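Happy to walk through this one with you. Let's take the labels one at a time and ask what stands behind each.

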Amino acid sequence: MENKNEITIYDKIDKLSKKIGIENENGKTILEVELTDNPDIKSLSLKSGSWEAKEPWFVIDEKKKIHALVSLDTLTKMVENLKNLGQENFELKLEKTIWKHLPVDFGDVWVVAMDEIKNMAKASQNAQAVKLDIEKLVANIKKKHPSLFVDLKGLYDVTHHDILR
């Protein structure tokens, strides 16, 4: 029964490894936590791979749960990449929302939006805690600065009025 459970765990590790680009057996380090007579001490044994292999290392704990072990440098890089990805995602959403409102000059609206966001962050005293509704932000900018956006209704009224003459 234990052997079947181990196969399942190793299959899970193989699938995860392939997802993150570690496909060969030599490039994958698998460790297992083993209990000792002292409840405060556990040992790690190398089940496959090498102590010199690339990260992440996979660790199977005493409850057969799989963990990934990475260095602090790798973890720091991952967190930075996630922050950058979040920033890029936010900027793309803001850009899409601005374009949806038909700006006369995209750059001008972008600058105003970024100033508004900075002011909101200063007012909250915690930039991380600012909950931002991008649609509402751009709509408010459009109300405050209507000259930054194309006025389709006004354009329609002028065109419609000219046609009727």
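**What stands behind the labels**

Q: Why is K47 called partly exposed?
A: K47 has a relative accessibility of 40%. Buried means under 20% and exposed means over 50%, so K47, at 40%, counts as partly exposed. Please keep in mind that this is a predicted model, and that the values here are computed from it.

Q: What makes K47 and E32 a salt bridge?
A: Their side chains meet at 3.8 Å, N to O. The cut-off for a Lys or Arg nitrogen and an Asp or Glu carboxyl oxygen is within 4 Å, so the pair qualifies. This pair links distant parts of the chain: K47 sits in strand β2 (residues 42–48) and E32 in strand β1 (residues 29–35), 15 residues apart.

Q: Is E32 buried or exposed, and how do you know?
A: E32 has a relative accessible area of 11%. Buried means under 20%, so E32 is buried.

Q: What makes K47 and E34 a salt bridge?
A: The closest N and O atoms of K47 and E34 are 3.7 Å apart, and the rule asks for within 4 Å, so this pair counts. Here too distant parts of the chain are linked, with K47 in strand β2 and E34 in strand β1, 13 residues apart. E34 has a relative accessibility of 31%, so it counts as partly exposed.

Q: How do you know that E135 and K100 form a salt bridge?
A: The side chains of E135 and K100 meet at 2.7 Å, N to O, and the limit is within 4 Å, so they form a salt bridge. The pair links helix α4, where E135 lies, to helix α2, where K100 lies, across 35 residues of sequence. E135 is partly exposed, because its relative accessible area is 29%. K100 has 56% relative accessibility, and exposed means over 50%, so K100 counts as exposed.

Q: Which residues are joined into one network?
A: E32, E34, K47 and K64 are joined by salt bridges that share partners. By the salt bridge rule, the count comes to seven.

Q: Why is the pair of W51 and W57 called edge-to-face?
A: The ring centres of W51 and W57 are 5.7 Å apart and the planes stand at 70°. W51 is partly exposed, because its relative accessibility is 42%. W57 has 17%, and buried means under 20%, so W57 counts as buried.

Q: How many aromatic pairs does the structure hold?
A: The structure holds three aromatic pairs. Ring pairs also link W99, F106 and W110 into a cluster.

Q: Why are the buried residues of α4 said to line one face of the helix?
A: In helix α4 (residues 134–144), the buried residues are I134, L137, V138 and I141. Seen down the axis of α4, the buried residues fall within an arc of 90°, so they line one face of the helix. The face turned away from that buried side carries the exposed residues K136 and K143. As for partners, the buried residues of α4 pack against α2 and α3 (106–124).

Q: What makes L75 partly exposed, and where does it lie?
A: L75 has a relative accessibility of 40%, so it counts as partly exposed. L75 lies in helix α2 (residues 72–100). Together with V70, L72, M78 and V79, L75 forms a nonpolar patch on the surface, with about 430 Å² of accessible area together.

Q: Why does H145 count as partly exposed?
A: The relative accessibility of H145 is 31%, so it counts as partly exposed. H145 is found in the loop between α4 and α5 (152–164). H145 and V109 are 36 residues apart in sequence and 9.0 Å apart in space, C-alpha to C-alpha.

Q: What pattern does the chain follow along the sequence?
A: The pattern is α-β-β-β-β-α-α-α-α, with five helices and four strands in the chain. Buried residues make up 22% of the 165 residues.

Technical notes. Residues numbered from 1 in each chain as written. Predicted model: local features only at pLDDT ≥ 70, side-chain atom pairs only at ≥ 80, totals over all residues. Heavy atoms only, no water. Patch = residues over 30% accessible without salt bridge, like charges linked within 9 Å, V, L, I, M, F, W, Y side chains within 5 Å. Areas by Shrake-Rupley, 256 points an atom, 1.4 Å probe, with all protein chains shown as cover. Helix = DSSP H or I, 4+ residues; strand = E, 2+ residues; numbered from the N terminus. Buried < 20%, exposed > 50% of the residue type's maximum accessible area, 1.4 Å probe, protein only. Phe/Tyr/Trp six-rings, centres within 6.5 Å; stacked < 30°, edge-to-face > 60°. Arc of directions from axis to C-beta. Contact = heavy atoms within 4.5 Å.
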